[in-house]
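Have a look at the structure first, then read on.

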Amino acid sequence: MAHLQSPHHRLSEVLTLHPAHLVVGNEYDAKEAAMHALKNYWCTKKGCGSCIACIQLKENQHHGVYWAFPDPNYTLAQIDELLEKTLLSLQENEHFFLILKKTDFLSAACANRMLKILEEPPRGYHFILLAERTDGLLVTIRSRCLVTDLKSIAATAVTHPIASLFVSLNFKHPDVLLKLLDEHDLHDRQTLELTDQLLAYWLQKKSAAYKESEKNQTTACIMVDLLKEALLHPPMPGSSKLFWKNMYLKAKKLSGRIS
């Protein structure tokens, strides 16, 4: 049985390792997380936003991705159409992703129709289920999925001492960062995990900021752009400290716009 995904696993890395993945969060955040992971897989630059793959993904026209959504609810005919997508045999290194939005809208009949394929999909096929809450999903669906709770990820980012600097936007004392880097000595993978968690946190803030002040909107947008840019240039082996120093300096330079 799959359990709640630890926030210390990057969604973009585990995406292709499991046949079924459940991403829990508000509609905007869940879709953004799935899109980020898809771009990380299909884009040679890990989500540049301007290549053909990124554009096709944004416009829901990519050959390796199929999106499904309730209108207003899922129907058995719709689920059968989705399952037909898996009948084509894929080559050993081929992958195809089926994304279901608002899976908490699945009826018991529709959910039961999907149980077998979620447990053992054909080679190369991956299901990504997006839901705002899990209590509306059958336990049998949840048990077949690796679950990533975006709220849990965001909360972890807030509590980590290094990440807290990029949450509180406290860039006035660089020596604090240097001390934290010496104390925690993050390796490359931990650095990427933490940066991904920070991105999830600021994506949530960005989503909420549209209901708040223009200042909050600007702050969230700047931090999202900063973190996305950082993920496009991950640390080389043994260079995590340099990665954090560079990101801190860039954030400090932007601090006049985000303070």
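How many salt bridges does the count come to? The answer is five, where a salt bridge is a side-chain nitrogen of Lys or Arg within 4 Å of a carboxyl oxygen of Asp or Glu. This is a predicted model, in which local features need pLDDT of at least 70 and side-chain atom pairs count only at pLDDT 80 or more, while totals for chains, interfaces and linings use all residues. Residues are numbered from 1 along each chain as its sequence is written, and side-chain values use heavy atoms, with hydrogens and water left out.

**Salt bridges**
- E27 pairs with K102, their closest N and O atoms being 3.8 Å apart.
- E27 sits in helix α2 (residues 27-42) and K102 in the loop between β4 (96-100) and α5 (108-119), so this pair ties together parts 75 residues apart in sequence; helices (H or I, at least four residues) and strands (E, at least two) are DSSP runs, numbered from the N terminus.
- R113 and D80 meet at 2.6 Å, N to O, linking helix α5 to helix α4 (residues 76-84) across 33 residues.
- R133 and D135 form another salt bridge, at 2.7 Å from N to O.

**Exposure of the partners**
- D135 is exposed, at 53% relative accessible area (buried is under 20%, exposed over 50%, partly exposed in between, with a 1.4 Å probe and protein chains only).
- E27 is partly exposed at 35%, and K102 is partly exposed at 31%.

**Cysteines**
- There are zero disulfides here (pairs of cysteine sulfur atoms within 2.5 Å).
- The closest cysteine sulfur to that of C51 is in C48, 3.6 Å away, which is too far for a bond.
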